[in-house]
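This report is for a reader meeting the structure for the first time. Please look through the sequence and the model below before reading on.

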Amino acid sequence: MNISIFGLGYVGSVGLGCLAKNGHRVIGVDLSEAKVNAINNGESPIVEKDIDKIIAEQHKTGNIEATQDSRYAVLNTDVSFICVGTPSTPNGHLNLSAIFKVAGEIGKSIKEKNRFHTVVIRSTVLPGTNETVTKIIEEVSGKESDKDFAIVSNPEFLREGTAVHDYFNPPYTLIGSSSTKAVEIMKEIYSGLESPVIVTEIKIAELMKYVNNSFHAVKIIFANEIGNICKKLGIDSHKLMEIFCLDTKLNISPYYFKPGFAYGGSCLPKDLKALCTVAHDNYLDSPLLDSIDKSNEGQKKIVHDQILAFKKDKIGFLGLSFKAGTDDLRNSPILDIIERLLGKGFNLKIYDRNVRFSQLMGANREYILKKIPYISKFLIDDPDDLIRSSEVIVVVNNSSEFKDILNQAPASTIIYDLVNLDFKKKSEAENYIGVAW
Ligand SMILES: NC(=O)c1ccc[n+]([C@@H]2O[C@H](COP(=O)([O-])OP(=O)(O)OC[C@H]3O[C@@H](n4cnc5c(N)ncnc54)[C@H](O)[C@@H]3O)[C@@H](O)[C@H]2O)c1
């Protein structure tokens with residue numbers, strides 16, 4: 001395929017060489033004369049393992065060239081990758097001016113074309129950019145999106161230092177586009193790679209890179225804070241983290257990665273607090289660990305404020321314990337919300353078959369009696385009563401029994417879901433609201 005690449009920095013230069021190595025003919029475009037000359041002399045404009053050899057080899061075979069002339073590049077190719085920089089502004093916003101400038105240039109040349117042209121946003125951009133680039137190109141070219149041209153969001157996941165290896169071995173290739181024709185073109189372009197191609201919504205494709213990189217930053221800081229604590233305690237942090245990573249059930253796994261309600265229970269809050277206190281006692285700053293509880297409280301506030309915003313009086317709770325299949329009420333996060341709602345005079349009903357007040361024992365009973373001594377008055381045994389009388393039903397844990405119960409709810413009842421429960425009539429519910437979806 002004939003491909004043009006706008007921006008010959010790390011992403012563009014690696015893309016140019018690797019796409020050519022996979023059999024495509026590639027024209028690089030950059031404002032920098034020095035970078036254009038480098039490519040045309042068979043040299044890499046960047047220092048990166050293996051890319052110099054690939055560019056030299058592909059230059060020799062005539063598969064690559066570079067130019068400062070964007071019109072020449074667009075008119076002689078069918079696909080244009082946008083790989084220009086997207087730096088931060090001084091106040092932290094994303095500066096997309098280079099993206100929009102290139103979009104305008106590509107649009108001008110598309111005006112002259114009578115063949116379908118695919119424009120691929122490879123740079124890291126926030127959701128909404130695909131839409132703006134589409135508008136710019138439609139306006140400048142006078143052509144119709146998804147008919148005469150199409151925009152594809154296709155974020156790059158490479159890391160500097162291992163960029164060539166990462167290009168050929170990405171975790172997956174992510175594609176978001178409203179054009180099925182463009183999706184097929186993209187699949188053909190990447191047919192030389194073994195990793196899976198995932199076609200998704202445009203905004204997911206746009207946000208994914210930010211989510212990935214933010215998580216990577218969290219991993220680094222988490223490991224550093226744990227390392228600092230280990231050092232103070234005379235523990236080998238590398239040995240510890242190696243063992244930590246061996247747990248692929250709960251630690252390095254999809255487990256706990258579901259947006260939803262606050263955590264609770266008898267272990268997470270207590271153990272996190274203990275670790276933070278060890279850090280403080282050793283005069284260590286652990287801002288990431290310290291911030292976790294604050295964020296958890298913030299999630300409770302979101303739920304509380306949303307329930308108030310419904311402006312309904314009769315609220316039913318499906319679930320009281322912090323997770324399905326247990327009667328443990330210790331630090332169940334919904335208790336804080338129930339306590340506040342009761343204080344405001346709401347009319348509450350709570351159903352949780354695992355929580356029979358008369359049968360609660362030991363520390364569990366002591367905890368609830370201290371927290372909300374009169375809670376037994378609001379616990380009911382009949383879920384039908386809750387379904388019939390509640391204006392809002394809050395789904396607190398994912399007990400499978402709740403699926404059948406919710407299928408009985410009138411379509412107009414507000415269902416506020418904290419756990420993304422999969423019940424049959426979910427799509428028919430007129431007032432279904434997820435806490436974080
Ligand atoms: N560097 C990385 O490791 C990496 C990895 C993945 C994604 N990204 C993202 O990819 C994008 C590019 O990153 P980079 O590190 O390659 O940037 P870079 O700054 O190294 O290169 C950008 C290039 O774009 C050129 N350019 C700017 N305006 C232009 C225009 N109007 N026409 C043609 N060329 C133009 C610049 O001259 C420069 O050579 C960014 O959004 C970045 O966040 C970077």
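This is a predicted model: local features need pLDDT of at least 70, side-chain atom pairs count only at pLDDT 80 or more; totals for chains, interfaces and linings use all residues.

Residues are numbered from 1 along each chain as its sequence is written, and side-chain values use heavy atoms, with hydrogens and water left out.

**Domains and cores**

The protein is divided into domain 1 (2-200) and domain 2 (296-434); these bounds come from an automatic or database domain assignment. The C-alpha centres of domain 1 and domain 2 are 50 Å apart.

The largest nonpolar core has 36 residues, and Phe81, Met186 and Ile189 are among those with the most contacts inside it. Such a core is a set of buried Ala, Val, Leu, Ile, Met, Phe, Trp, Tyr and Cys residues joined through side-chain atoms within 4.5 Å. Methionine 186 is in contact (heavy atoms within 4.5 Å) with Phe81, Val120, Val152, Asn154 and Ile175, leaving aside its neighbours within four places in sequence.

**Accessibility and cysteines**

Buried means under 20% relative accessible area, exposed over 50%, and partly exposed in between (1.4 Å probe, protein chains only).

| Residue | Relative accessibility | Class |
|---|---|---|
| Cysteine 230 | 4% | buried |
| Cysteine 245 | 39% | partly exposed |
| Threonine 326 | 18% | buried |
| Phenylalanine 402 | 1% | buried |

The structure holds zero disulfides, a disulfide being a pair of cysteine sulfur atoms within 2.5 Å.

Threonine 326 lies in the loop between β9 (314-318) and α13 (333-343). Helices (H or I, at least four residues) and strands (E, at least two) are DSSP runs, numbered from the N terminus. The side chain of threonine 326 reaches the backbone nitrogen of aspartate 328 at 2.9 Å. Not counting residues up to four places away in sequence, threonine 326 touches Ser321 and Asn354.

Phenylalanine 402 is in helix α16 (residues 401-407). Beyond four places in sequence, phenylalanine 402 has contacts that include Leu318, Tyr351 and Leu421. From C-alpha to C-alpha, phenylalanine 402 and aspartate 328 are 18 Å apart in space, and they are 74 residues apart in sequence.

Methods. A polar contact is a pair of N or O atoms within 3.5 Å; within protein, one must be able to donate a hydrogen and the other to accept it, and residues adjacent in sequence count only if both atoms are side-chain atoms.
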